[in-house]
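Visitor: I would like a close look at a single part of this model. Please take it slowly, then place it in its surroundings.

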Amino acid sequence: MITCEEFLAEFGDYLENQVSPEIRKELELHVSQCRACQVLCDSSRKTVRLVTESCSFELPENVSDAIIDRVMEKLRKDPS
Amino acid sequence: MSFLGETQLEDDFGAFVAFREALGFVPNLLRAQALLPRLIEAQAKLEGAVRLSGGAISRLHKERILLSIAADREDAYCLAVDGKVTSSLGVPAGEIDAILEGSRCAGLSGAESASLEFCRKLARNAPSVDSEDIAALRAAGLDDSAVFEAVALSALAVYRCTLSAGLGPTPDFEHAHAPAKKNQPAERPYPSQTHGIHELMQRRVPPLPAPYLSPLAFAPFRIIQQTHGFIPNFFRGQSLRPDLLQAELEAVERILLPDDVLTRVQKECILLAVSAANLNSYCVAMHCNLLRGLGMSPEDGDQIAVDHHQSNLSEADTALLDFAVKLGTRASEFCREDVAKLQKLGFTAEQILECEVVTALNNFANTLQMGLGIEPDFEAPHVFEKNKVHLSAAGDTPNAGGGAVPLVDIVQDADAECVAKAQNGCLESFEELVRRHSRLIYRTLVAMLGNPADAQDAMQDTLLSAFKHIGAFEGRSKFSSWLVSIAKNCALQRLRRPKSMESLDEGDFDEEGDFRPRQVRAWQDDPEQFYSKAELQQIVERGILGLPPKYRMVVMLRDIQQLSIDEVAQQLGLSVPTVKTRLLRGRLMLRERLSPHFTTAVKGIAQ
């Protein structure tokens, strides 16, 4: 069976679903035997999901408006 | 005098008699275990089955192999005793010197040279042994039985050397031969990360053929079935030598089953931690499973395997595992002070002795598993269903698969009409474009600059710069991508200012390797449900802002902005492999930062 280190070496591509079916099988075999890597895998996927769905770093509308207004005002005065 | 002192046992103690018959004397390595005679019996069982029985490899050659491994490990005790035994069997002094120097012995047959080299490699660095090594043995004429004996012998050598380092027994003989200084590093070189998994899969040690042995016909299998619930491949894989299996189980019974010195749980924890340090996934899985049977939660078991310092163990038990891991993996550094440390924490000599023997047994088992190519016990269930998680999989992004967007062509872009007007000087159209994409610009800037205030300042620069250069935009990429590259340039300019401490691309020396996941507590099934949307956002943002900039940048663009890896590479002017490395490390670092909020342990506390 592959070691945790070897699993980790492929883990990035695995998270991106970029591994071939036979490697995928090998990695999933490892994960089925190794709870630490199973937890790692599950929590990493949840991390990615939380980040993608968090709507993080939204600029508050009033701040955004203020910046854009300021820029537009500048450009209207001196469009060059 | 050994580290733990030596008590006297009667000379007619059964195991002593057996050794005297086989070797002509009782080695002090055994006398040093006299506090717990059952441990001496265990070693006698193993030595009897591995060293004295069998016959596919001659007794003399077995001694030669044991001596070579002792020499590789610079184990002064084993060198002296094995040198004496080897010479008593008639090996000339010149040949013993050659073994001690690690040079090739003249006059060995092809099979003998091959098995000697194989055993040395397996004992030195078990994970590095691969199918080519087995093929070399086969090519030299070793059959299944001989391969088995070679593996078992390496395992026994490791057992004895681990014990000798831990016990520090009084030498049985003066050194006939001073241990030669080796150029070899004492540290074991683990398999390099540069091997691709394809290569590793092809190179993996093939399982040694094992005839079917029915539990009905073989009593030890019935016992295993009772303790494990099934017969693990570790035992099935040794069915070629039922006598050795029997001896192993008798040794295990004497070392692991008694609960009166160290507890069963303590011993399983030792086996787990040392197997993990030896990179033996198979044995880690087995001991996690056994610990679960003893009432430990899966999370606690995993935590011990990954990093026992982060587990819930007491200070004393943590020290016990430190001790075992050091003995099991860095025997050459082990010394009397390590023993004294445990004694200070209140461990008795019996407990320390048992810990050392458990560690030795672990190394025996780890070596055996790797050498025999024992396969995992469970077929992988399909653990992860592709659609169960919201991961923007490569296949879903527009740049992968059939519908690839060639970047050199003019791309379809909903902004095109607006862009054309803006290029003709229409300020309203420009404003419209900016409002559409302000979020994207802002995120790029936060990612690069690491704080919202700087990002807001840089946003203004970006918009002005975009307007200034919009005439140069040719529609070869989406307008939004072009805006990102402008934002990136503005941020870089800020970062290059002397006051800025952060740099995106310096300090690449730590790019490879040393980041290891530490947190192994399982996360809740549905981590989102315990926090409000605003709280989640705050947790995520804080986590991301805490990442080193080069990782933050890649995580932001891939996971928040949801660009493809190729796009991220393009935007940042990095190679795809670099982006991949940074993305994984960034995600793993973020995972560690988020873990405290989402592990099962906080269930019920969170609002």
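Which residues in α26(B) meet which residues in α27(B)?

Guide: A caution to begin with: this is a predicted model. Now the contact itself. From α26(B) come B:Ile565, B:Asp566, B:Val568 and B:Ala569. Their partners in α27(B) are B:Val576, B:Val579 and B:Lys580. By class, the residues of this contact are five nonpolar and two charged, with no polar ones.

Next, the geometry. Two packed helices are described by the angle between their axes and the distance between the axes. Helix α26 of chain B covers residues 565-572, and helix α27 of chain B covers residues 576-598. Their axes come within 9 Å. The crossing angle is roughly 105°. Angles of 65 to 115 degrees count as roughly perpendicular, so α26(B) is roughly perpendicular to α27(B).

Now step back to the chain around this pair. Chain B has 27 helices and zero strands. It runs to 607 residues, of which 45% count as buried. Consider its contacts with a separation of 6 or more: 76% of them join residues 24 or more positions apart.

The nonpolar core deserves a look too. In soluble globular proteins, nonpolar side chains tend to be buried together. Here the largest nonpolar core holds 194 residues. The members that touch the most other members are B:Ala150, B:Leu272, B:Ala273 and B:Leu445. Helix α9 of chain B, residues 144-167, gives the most to this core, with 16 residues. Take B:Leu445 as a case. Leaving aside residues up to four places away in sequence, B:Leu445 touches B:Ala455, B:Ala458, B:Met459, B:Thr462, B:Ala487 and B:Ala491.

That leaves the partner chain. Chain A has 80 residues, and buried residues make up 52% of them. Its secondary structure is four helices and zero strands, in the pattern α-α-α-α along the sequence. Between the chains, 56 residues of chain A are in contact with 70 residues of chain B. On the chain A side, the elements giving two or more residues are α1 (4-15), α2 (21-33), α3 (35-53) and α4 (61-77). Helix α3(A) gives the most, with 17 residues. By class, that side of chain A has 24 nonpolar, 15 polar and 17 charged residues.

Definitions and conventions
Residues are numbered from 1 along each chain as its sequence is written. Chains are lettered from A and ligands numbered from 1 in the order in which they are written. Axes are lines fitted to C-alpha atoms, for helices over the stretch in contact, and angles run from 0 to 180 degrees between N-to-C directions. Angles under 35 degrees count as roughly parallel, over 145 as roughly antiparallel, 65 to 115 as roughly perpendicular and the rest as oblique. Two residues are in contact if their C-beta atoms, placed from the backbone, lie within 7 Å. Ala, Val, Leu, Ile, Met, Phe, Trp, Tyr, Cys and Pro count as nonpolar, Asp, Glu, Lys and Arg as charged, and the others, Gly among them, as polar. A residue is buried if 20 or more other C-beta atoms lie within 10 Å of its own, exposed if 12 or fewer, and partly exposed in between; C-beta atoms are placed from the backbone. A nonpolar core is a set of buried Ala, Val, Leu, Ile, Met, Phe, Trp, Tyr and Cys residues joined through C-beta atoms within 7 Å.
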